[in-house]
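Here are a few exercises to work through with the model open in your viewer. Try each task before you read its solution.

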Amino acid sequence: MKRSRINEIMKEADDFIRSFGFILPPFAYWTPEEFKSRAANAKGIIDARLGWDITDYGKEKFDELGLFLFTVRNGNQADLSTGRGMLYAEKIMISRKDQLSPMHRHVVKAEDIINRGGGTLTLELFMSDADGNPDPKAEVEVPTDGIIRRMPAGGILKLDPGESVTLLPGVWHAFWGEGKDVLIGEVSTVNDDLTDNVFREPIGRFSNIEEDVAPWHLLVSDYDTWLK
């Protein structure tokens, strides 16, 4: 993706998020230069990989295959083994109308996916087989706002604004916005986008960036090159 397009998506996303009364934290609006100057005091932001995340999964087709994410808070993966500490994470995301986030599962992370407003959030779901692949036969069972929903393998779950689904580790899911763009909340156990995403197809988690202009704000994928 061109950096100029990423900058545009950030501005569009911020406007969309604000239209629902959700405001991003102050560090979201730091310039790259300000981030560099404050890096020593922002270690918690950098290490937890909080911030902007825009992906086309390396396929250069963001409008068809992509997702906007902003990680608001995130704990430490090492604390999961002790059961103590900050064991949770929160994201705000935007799935555009008919924009696919491809089929994937998580090894560790359990997550609530919440339709915060806009169109219908539509998910395709599979359970895992013994090898961890999507099971084409197993019935899918997921809680939706405390109510167990059952559907056949590859079943389609539609969430209207205010509705949510709990996805435990191993539940395969792809999703997209239907009718209109959708604002999505994610509340989960500690998030690790570097190691805890397993995609059905060979695909990248982050975008390849063409630096045609200066960044408006840094992405989490910029931290290693810009701040360390």
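Ala214 is in the loop that runs between strand S11 (198–199) and helix H4 (223–226); helices (H or I, at least four residues) and strands (E, at least two) are DSSP runs, numbered from the N terminus. Residues are numbered from 1 along each chain as its sequence is written, and side-chain values use heavy atoms, with hydrogens and water left out. The model is predicted, so local features need pLDDT of at least 70 and side-chain atom pairs count only at pLDDT 80 or more, while totals for chains, interfaces and linings use all residues.

**Exercise 1.** Work out whether Ala214 is buried or exposed, and how far it is from Pro32 in sequence and in space.

*Solution.* 
- Start with the cut-offs: buried is under 20% relative accessible area, exposed is over 50%, and partly exposed is in between (1.4 Å probe, protein chains only).
- Ala214 has 58% relative accessibility, so it is exposed.
- Now the distance: Ala214 and Pro32 are 182 residues apart in sequence, yet 9.1 Å apart in space from C-alpha to C-alpha.

**Exercise 2.** Find where Tyr57 sits and where Asp98 sits, then look at phi for Tyr57 and for Asp98.

*Solution.* 
- Recall the background: most residues other than glycine have a negative phi.
- Tyr57 belongs to the loop between strand S1 (51–55) and strand S2 (67–74), and its phi is positive, near 55°.
- Asp98 belongs to the loop between strand S3 (88–95) and strand S4 (101–105), and its phi is also positive, about 65°.

**Exercise 3.** Which residues are closest to the centre of the largest pocket, and how does its lining divide by class?

*Solution.* 
- First the terms. On a 1 Å grid over the protein atoms alone, a cavity is a set of points where a 1.4 Å probe fits but cannot get out; a pocket is an open set with protein on both sides within 12 Å along at least five of seven lines, and lining residues have an atom within 4 Å of a point.
- Grid points are joined across faces, edges and corners, and a volume is the space filled by probe spheres set on the points.
- The largest pocket comes to about 240 Å³. It has 15 lining residues, and Asp47, Arg49, Asn74, Asn191 and Asp192 are the closest to its centre.
- For classes, Ala, Val, Leu, Ile, Met, Phe, Trp, Tyr, Cys and Pro are nonpolar, Asp, Glu, Lys and Arg are charged, and the others, Gly among them, are polar.
- That gives this lining four nonpolar, six polar and five charged residues.

**Exercise 4.** How many cavities of 30 Å³ or more are there, and what lines them?

*Solution.* 
- There are two at that cut-off.
- The largest cavity has a volume of about 140 Å³. Its lining has 18 residues, with Leu67, Leu69, His104, His106 and Asn197 nearest the centre.
- S10 (172–189) contributes the most to that lining, with three residues.
- By class, this lining has seven nonpolar, five polar and six charged residues.
- The second largest cavity holds about 40 Å³. Among its lining residues are Phe27, Trp30, Phe35, Trp52 and Tyr223.
- Its lining has eight nonpolar residues, two polar ones and no charged ones.

## Rings and core

**Exercise 5.** How many aromatic pairs turn up, and which residues do ring pairs link into a cluster?

*Solution.* 
- Rings of Phe, Tyr and Trp (its six-membered ring) pair if their centres lie within 6.5 Å; planes under 30 degrees apart are stacked, over 60 edge-to-face, the rest tilted.
- The whole structure has eight such pairs. One of them is Phe16 with Phe20, edge-to-face at 5.1 Å centre to centre and 75° between the planes.
- Phe27 and Trp30 are edge-to-face too, at 6.4 Å and 70°. Phe27 is buried at 11%, and Trp30 is buried at 11%.
- The cluster is Phe27, Trp30, Phe35, Trp52, Phe68, Phe70 and Tyr223.

**Exercise 6.** Which members of the largest nonpolar core touch the most others?

*Solution.* 
- Such a core is a set of buried Ala, Val, Leu, Ile, Met, Phe, Trp, Tyr and Cys residues joined through side-chain atoms within 4.5 Å.
- It has 32 residues, and the answer is Phe35, Ile45, Trp52, Ile54, Phe68, Phe70 and Tyr223.
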